[in-house]
Amino acid sequence: MKKFWFRRAILFFFIFIAAVLVFGTVVMLLWNAILPAVLGVKAITFYQALGILVLSKILFGGFAKGRGWHAQRHAWKEKWRAKWEGMTPEEREKFRAEWRKRCGGRWHWDENTVSGKEKESE
């Protein structure tokens with residue numbers, strides 16, 4: 001079992017190094033191909049490209065795990081799911097009516113409709 005984790009750690013290390021090299025090279029090449037001609041700035045080195053990459057991660061992405069866009073979207077979905085499940089049938093119908101009013105009736109959420117097909121009346 002220790003061999004498995006050791007191999008996995010070594011593999012992760014090499015993938016991390018490869019990713020740093022690839023992303024750094026891509027940033028450097030894009031910068032040097034576009035910005036000197038457009039904005040008149042100087043060309044940058046590979047290490048400056050890595051610095052820009054780290055700076056952009058700090059400014060725009062952060063380093064906290066699980067706090068990205070996907071996690072925020074998931075939290076928003078769960079919040080609305082809990083709210084919907086806590087509503088009474090009357091509150092749900094009122095919510096649907098308000099949504100139809102605001103959206104101009106584009107979505108047809110009739111109780112008789114399931115997946116776009118009409119339910120068979122009993």
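**H2 against H1**

I started with what H2 packs on: its buried residues sit against H1. This is a predicted model, so I kept in mind that local features need pLDDT of at least 70.

Which residues of H2 are buried? I found Phe46, Ala49 and Leu50. I then looked down the axis of H2, where the buried residues fall within an arc of 100°, so they line one face of the helix. Tyr47 and Leu59 are on the other side of H2, and they are exposed.

I also checked the length of H2. The helix covers residues 46-61, which is 16 residues. From first C-alpha to last it reaches 21 Å, close to the 22 Å expected at 1.5 Å a residue.

**Greasy patch**

Next I looked for nonpolar surface. I got a patch made of Phe6, Ile10, Phe12, Phe13, Phe14, Phe16, Ile17 and Leu21. Together they have about 860 Å² of accessible area.

Phe6 belongs to helix H1, residues 2-39. Buried or exposed, I wondered about Phe6? Its relative accessible area is 57%, and exposed means over 50%, so Phe6 counts as exposed.

**Salt bridges**

How many salt bridges are there in the whole structure? My search gave five. As a reminder to myself, side chains of opposite charge can pair when their charged atoms come close.

I looked at Arg81 and Glu78 in H3 (residues 69-85). Their side chains meet in a salt bridge at 3.7 Å, N to O. Why can they reach each other? They are three residues apart in the helix, so about one helical turn separates them. The general rule is that an α-helix has 3.6 residues a turn, so residues three or four places apart point the same way. Both ends are partly exposed: Arg81 has a relative accessible area of 44%, and Glu78 has 35%.

I moved on to H4, residues 89-103, and saw that Glu98 and Lys101 are also three residues apart, about one helical turn. Their closest N and O atoms are 3.9 Å apart in a salt bridge. Glu98 is partly exposed at 32% relative accessible area, whereas Lys101 is exposed at 64%. I noted a network here too: salt bridges that share partners join Glu93, Arg96 and Arg100.

Arg100 is partly exposed at 26% relative accessibility, and Glu93 is partly exposed at 33%.

Conventions. Residues numbered from 1 in each chain as written. Predicted model: local features only at pLDDT ≥ 70, side-chain atom pairs only at ≥ 80, totals over all residues. Heavy atoms only, no water. Patch = residues over 30% accessible without salt bridge, like charges linked within 9 Å, V, L, I, M, F, W, Y side chains within 5 Å. Areas by Shrake-Rupley, 256 points an atom, 1.4 Å probe, with all protein chains shown as cover. Salt bridge = Lys/Arg side-chain N within 4 Å of Asp/Glu carboxyl O. Helix = DSSP H or I, 4+ residues; strand = E, 2+ residues; numbered from the N terminus. Buried < 20%, exposed > 50% of the residue type's maximum accessible area, 1.4 Å probe, protein only. Expected span 1.5 Å × (residues − 1). Arc of directions from axis to C-beta. Contact = heavy atoms within 4.5 Å.
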